[in-house]
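This report covers one protein chain, going from the overall fold to a single side chain. Please keep the sequence and the 3D view open while reading.

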Amino acid sequence: MMTLRPCYDYNDKIEIINVGVKVSPYVFVGLEGIVPNTVLNCPMITSLVSSYLGVKLKELYSRTRRAEVTNARYLLWWLLHKHTTMNKSQIGAEFKKDHSTVINGLNRFKDYIETEEIIYKQLNEIETILEIPSKKRTLRYDKKHKHENN
């Protein structure tokens, strides 16, 4: 019997589908190119963000509200939400937070991306390290600069 974990990768999900539910073999036709060779998962992204930003793993999972830790946590949640199959509730469960806290963090991080150049550059560099295809990378929609150009 398989147990579900908050952090799981694509292979675990396929295993759960195959064990628990009868699925037509035609469901997965055409998905070969979508899944990259290296599957991104929670532990991989968490350790990368921790080492890249110099924040200890223990701090990312802690209750601390120091700015550098919360900003790193928000960036981590953004990457998990955008580039894994984890939903907000699963991300919250992994970090012992409520899903509404994750929603708030994602909204704050979206604002940071639009207003803080350094945060956007950090995110872009981490997505480059993770080898995220350019089509799936986070784009910046900067309201402030859009109004200045018009």
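A residue is called buried under 20% relative accessible area, exposed over 50%, and partly exposed in between (1.4 Å probe, protein chains only). The model is predicted: local features need pLDDT of at least 70, side-chain atom pairs count only at pLDDT 80 or more, and totals for chains, interfaces and linings use all residues. Residues are numbered from 1 along each chain as its sequence is written, and side-chain values use heavy atoms, with hydrogens and water left out.

The chain contains eight helices and zero strands, where helices (H or I, at least four residues) and strands (E, at least two) are DSSP runs numbered from the N terminus. Two further totals describe the chain; contact means heavy atoms within 4.5 Å, and accessible areas come from the Shrake-Rupley method with a 1.4 Å probe, with only the protein chains shown counting as cover for residues.

| Chain total | Value |
|---|---|
| Accessible surface | about 10,100 Å² |
| Part of that surface belonging to carbon and sulfur atoms | 54% |
| Contacts joining residues at least 24 apart, among those between residues at least 6 apart in sequence | 56% |

Arginine 73 sits in helix α4, which spans residues 67–83. Is arginine 73 buried or exposed? Its relative accessibility is 4%, so arginine 73 counts as buried. Beyond its neighbours within four places in sequence, arginine 73 contacts Glu59, Leu60, Ser62, Thr64 and Lys97. A polar atom of the arginine 73 side chain lies 3.0 Å from the backbone oxygen of leucine 60. Phenylalanine 109 is 36 residues from arginine 73 along the chain, and their C-alpha atoms are 9.6 Å apart.

Methods: A polar contact is a pair of N or O atoms within 3.5 Å; within protein, one must be able to donate a hydrogen and the other to accept it, and residues adjacent in sequence count only if both atoms are side-chain atoms.
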